[in-house]
Amino acid sequence: MSQSFYLSAFAVNDDSLVACAQNQVHGSYFGPMIKLSNRMQHIFDRLLPGQPVWDLCCDHGYLGLQAYRSGLFTQVFLVDKVPEIISELEHRFYSNYLKDGQSAQVKFIALPGEDLVDEIQGNLVIAGVGAHTILKILMNLRKKGLLSAKQVILLPQRQEQWLEDIISASETFGDYNLFEKHELLERGRLRKVLIFRRN
Ligand SMILES: C[S@@+](CC[C@H](N)C(=O)[O-])C[C@H]1O[C@@H](n2cnc3c(N)ncnc32)[C@H](O)[C@@H]1O
């Protein structure tokens with residue numbers, strides 16, 4: 001198990017999503033490049049390419065939309081429990097993001113993460129919700145035999161150590177090991193990113 005731990009000190013504006021005029025060389029981007037917040041970019045940079053991306057509790061959906069636009073991933077799933085958020089996101093996607101004939105690569109799901117019925121493969125990201133919510137989602141997916149992601153990236157609002165300890169110690173998640181742990185400074189607050197990989 002390899003672990004790295006570092007501090008990236010930068011201000012983060014979560015709500016910022018700025019379309020850049022020029023494409024950046026990072027994989028194969030289609031259309032104008034999107035500038036994510038540093039926090040979202042940090043997560044995006046760690047996604048395993050050639051795999052699906054599940055963005056649970058997606059809200060604004062920036063991560064998933066960027067994943068789609070990058071062309072680096074086989075499929076992108078945007079999941080949020082609030083139906084209005086998902087319908088707004090879907091509307092934005094079809095207005096601004098859809099590439100010819102590639103709508104099948106994106107799925108919008110208005111469900112609580114814990115109620116999903118599809119097997120989760122590839123990259124699973126749960127960011128910006130409480131540690132208890134994250135644990136509930138993971139537990140329920142596991143109970144239903146749906147948690148098969150190669151990599152799980154978690155960014156709880158707080159109680160990161162609690163979440164890390166429970167996942168690391170629980171037999172339920174015995175096939176997952178902590179692979180990396182990062183710290184980000186976000187609006188003066190230290191946030192931890194936990195990355196688990198499946199054996
Ligand atoms: C603060 S936003 C986080 C957005 C994004 N993931 C981020 O980190 O910037 C929290 C979102 O999680 C959604 N949410 C909360 N609990 C959820 C659950 N159990 N399943 C799915 N979505 C959930 C809320 O509806 C809200 O849109």
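How are α4 and α5 oriented to each other? In this predicted model, the axes of helix α4, residues 131-143, and helix α5, residues 160-169, approach within 9 Å and cross at roughly 20°. Angles under 35 degrees count as roughly parallel, and α4 and α5 are therefore roughly parallel to each other. The crossing in which α4 passes α5 is right-handed. On the α4 side, the contact is made by Ala131, Ile134 and Leu135, and on the α5 side by Glu160, Trp162, Leu163 and Ile166. By class, the residues of this contact comprise six nonpolar, no polar and one charged.

The ligand is surrounded by 18 residues, of which Cys57, Asp59, Lys81, Ala127 and Gly128 are the closest. The shell around the ligand divides into ten nonpolar, three polar and five charged residues.

The mean pLDDT of the chain is 85, with 82% of its residues at 70 or more. Over residues 1-31, pLDDT stays under 50. For residues 1-31, the model has 56 contacts beyond four places in sequence.

Notes. Residues are numbered from 1 along each chain as its sequence is written. This is a predicted model: local features need pLDDT of at least 70, side-chain atom pairs count only at pLDDT 80 or more; totals for chains, interfaces and linings use all residues. Axes are lines fitted to C-alpha atoms, for helices over the stretch in contact, and angles run from 0 to 180 degrees between N-to-C directions. Helices (H or I, at least four residues) and strands (E, at least two) are DSSP runs, numbered from the N terminus. Angles under 35 degrees count as roughly parallel, over 145 as roughly antiparallel, 65 to 115 as roughly perpendicular and the rest as oblique. A crossing is left-handed if the near helix is turned anticlockwise from the far one by less than a right angle, and right-handed if clockwise. Two residues are in contact if their C-beta atoms, placed from the backbone, lie within 7 Å. Ala, Val, Leu, Ile, Met, Phe, Trp, Tyr, Cys and Pro count as nonpolar, Asp, Glu, Lys and Arg as charged, and the others, Gly among them, as polar. A residue is near a molecule or strand if its C-beta atom, placed from the backbone, lies within 6 Å of it. pLDDT is the predictor's confidence in each residue, from 0 to 100.
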